[in-house]
2 protein chains.
Amino acid sequence: MRKPIVRNLCVLALIVLAVRTVLSGSGKPEDYRALVDKVRETGLSGERAFALLERITSVGPRLTGSPQAAAAVDLTRDLMAELGLARVHTEPVEVGHWTRGQVAEASVAASPSRAAIPLAVCALGGSVGTPERGITARVVEVRSLEEAASLGKSAEGKIVFFNRAMDRGLTDSFAAYGAAADQRVSGASAAARVGAAAVLVRSLTFRDDRNPHTGMLRYDPDAPAIPAAAIGTADADRLNALLKKGKDVSVSLRMDCRDRGKVVSANVVGEITGSELPSEIILLGGHLDSWDLGVGAHDDAAGCAAALEAVALLHDLGLRPRRTIRAVMFMDEEFGGTGGRAYAVAPQRKGERHLVAAESDRGGFVPVGLAIGSGDRKAIERVLPYADLIRPFGIWFIVPGGGGVDVAPLIANGAVPAAVLVNAQTYFDVHHSALDVVARVAPRELELQAVVLAILAYILAEEGV
Amino acid sequence: MRKPIVRNLCVLALIVLAVRTVLSGSGKPEDYRALVDKVRETGLSGERAFALLERITSVGPRLTGSPQAAAAVDLTRDLMAELGLARVHTEPVEVGHWTRGQVAEASVAASPSRAAIPLAVCALGGSVGTPERGITARVVEVRSLEEAASLGKSAEGKIVFFNRAMDRGLTDSFAAYGAAADQRVSGASAAARVGAAAVLVRSLTFRDDRNPHTGMLRYDPDAPAIPAAAIGTADADRLNALLKKGKDVSVSLRMDCRDRGKVVSANVVGEITGSELPSEIILLGGHLDSWDLGVGAHDDAAGCAAALEAVALLHDLGLRPRRTIRAVMFMDEEFGGTGGRAYAVAPQRKGERHLVAAESDRGGFVPVGLAIGSGDRKAIERVLPYADLIRPFGIWFIVPGGGGVDVAPLIANGAVPAAVLVNAQTYFDVHHSALDVVARVAPRELELQAVVLAILAYILAEEGV
């Protein structure tokens, strides 16, 4: 936390600037230059975004519906008040409560010529458990949902092993993730439809290691719910090598994860209320919930911290833009976005208009670009005159895009999507795994992300879009 | 290492392409698209650049003149041969041999009201040691060389404490480093000129921790050589706080570092010899030597690995460009570049013309831009038509620049400087400190850097500049 005396000096120093810029809303890029310098100097002077991330992760992993997620709600509400945000409150969300349990074991069954080989696995989020004695079955490997479907009767009673790797040749790591994630989301039901007993899914990462990467699966109503586990990439390669030898390979899988029904959780909301158009909102969002193998430092304590720090920075500088800049910490992104849907229809939304919805959920990395609006480039044209102001922070391109699970309902209602794009080359090294810990976040990179977000939000709140 | 069978397939697959592109040299960007795709797919398919970095760092820290630096020379020569480079050889360099010794201790002396406070320090590279009993003296804090000079007689017998921090408000970390490094390089002599007994220099990093960051100092011939130590930033702040209380603060400093005269070391050279203009050279360089607190993973095993991998990738694909692409692993960048100067005047240079000299010495991070040529932008204009080919790798800008200690003599002789610019926001977190270890390098980011370097080198070797 910055010291109050420094904050007061900043406020004093900026009064003239604030009055001039905020009330005029002239729209000229040069009117924002002093503001950008001040946000840069104040933001980069310390590592507060990282301190916020440390606070959020201090409760531990924040699996939707868990006591830790509830603790994160309380803590974040207090944090917003401490940072001086206005109208701080929570809004209830009914969420699922799935627990991983104590057991997630798998091994290649011993054969006359070979001892059993343990496999690094974890339950996929939402998976049913196995019977207590586990499931032991022969393994059949596939590369796609289509290939699983084509197995027909030959899959009956087997464990289907989805082993299509993320395409390392793609320079866009999100594209590589997107092209492989269907196995994790829909593999269980695709295999269940042809009678499989369980599925193993290759972890979604570029790395060759023994860290399984979890993530949500979706059971289709027309197929039995069968157990589904992620398997570390090194172990996936080992299993593949055994299968290539042509022998029958059986795997035993045992997991005691299970669904525990519904609980009430919450989104956490705070803002700088707009001075002229308070009901027009520029939303900066992140999600409070996380997976439970690490502590969700990049995914998405970092996004929460960046959004909080962006709003707090503007507040510290005594700025009050024309429109409202609101930080929303959504609950339950990881299990499909109940928090985002609840926010969009909450009674508090009455009379509000969300102009922009910016979700920060790409990891706490250094900014490299901006995404805003749709392919018609209208929003881009609106922002482009200010591009020179943010280029020194590493923002070299502005493309259509943005959005995210939590803000999708707002965008469907007409809000313009936006996001600070970051260098995500190593995001999937840690994503949804035990490696997603505080030590993997670089404080300065996170702060740069927050600073860019603050500048973007302020300009949009002044100028509209 | 990639498997030979894969390599052979690549070679076969590329024969048509290679013949077409290499011999025509048409210069059209689209002629290089298939090559770029192949380099991307082959390079990003694995983590060979990182494996090379692991090999280089396996000998340990490679302080100029040390047995480990000698081992790195042998290992790198073997590595080049193993990778299939042509004309692999070493070229002798006479270098200094300074040793850190076993002792680097400092503490704020105890006072009647306070116990002694240990300070995290390390000797600056090249520093003389203290007498065996150490130096104990009152501390005077300054922020600049000028302020040290202005102390006059009041500095006599004291320890001058240079405490100007890197400016966190600058978005360019190299600029922040450059603006603070004079204290480390020239502080000792500036203080000695006004009679100081020793200097402490604030470590050059944005982080607030207890890791001292070493680096070269330069003793001016007109001033006595006095001991010089770097002090961790947290301890620098503590010392500053004590001095602010207004009381006399004495520090004891003891170091047994010393100069051990000259030894003969070597640069290591290998290449893909040009098919048409073998004496025209595109040089890719890194430096083999490192500081000794970590293992010099980012600085500069990463640069060596990127240059080696770039050349090896082109070799694996069976490419033979018109001009020579040469990898040079320079010895002794850190103590001032004797290796670079030796290379420039070696007998082997007779008849050679270095068109481009690209040094990789900015850390093993993700590429973000290219630097090439001088302010007249001639070299940039030459490369600009190919910008679309490298943009997918994150290269969003091309600016004048490049160069480095090792290639400065070549550039003085007319070679065009060039460099892949990287995201160096966290470089100075680890630079010259115990934190510069293998675990801090992200394999995929290093591989992306090598791939961009390979593409750049190949286009320049085909097209000239």
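In this predicted model, a salt bridge joins the side chains of B:Glu47 and A:Arg168, with a distance of 3.8 Å from N to O. Across the interface of chain A and chain B, four salt bridges are found. Polar contacts between chain A and chain B amount to 20 residue pairs, with both residues at pLDDT 80 or more.

Helices take part on the side of chain A that touches chain B: helix H2 (33–44) and helix H15 (443–463) each supply at least two residues. Of the elements of chain A, H15(A) gives the most to this side, namely four residues. The classes of residue on the side of chain A that touches chain B are set out below.

| Class of residue | Number on the side of chain A that touches chain B |
|---|---|
| Nonpolar | eleven residues |
| Polar | seven residues |

The size of an interface is often expressed as the accessible area that is lost when the parts come together. Between chain A and chain B, about 2400 Å² is buried, and carbon and sulfur atoms give 53% of this area. Chain A contributes 24 residues to the contact, and chain B contributes 24 residues.

How are the two chains arranged? Chain A is superposed on chain B by a rotation of 180 degrees with 0.0 Å of shift along the axis, and the RMSD is 0.0 Å. The two copies are therefore related as by a two-fold rotation axis. Within chain A, the C-alpha nearest this axis belongs to A:Trp396, at 3.1 Å from it. Both copies use the same surface, since 100% of the contact residues of chain A recur in chain B.

Technical notes
Residues numbered from 1 in each chain as written. Chains lettered and ligands numbered in written order. Predicted model: local features only at pLDDT ≥ 70, side-chain atom pairs only at ≥ 80, totals over all residues. Heavy atoms only, no water. Contact = heavy atoms within 4.5 Å. Buried area = accessible area lost by both parts, 1.4 Å probe. Polar contact = N/O pair within 3.5 Å; in protein donor to acceptor, adjacent residues only side chain to side chain. Nonpolar A, V, L, I, M, F, W, Y, C, P; charged D, E, K, R; others polar. Least-squares fit on C-alpha atoms with pLDDT ≥ 70 in both.
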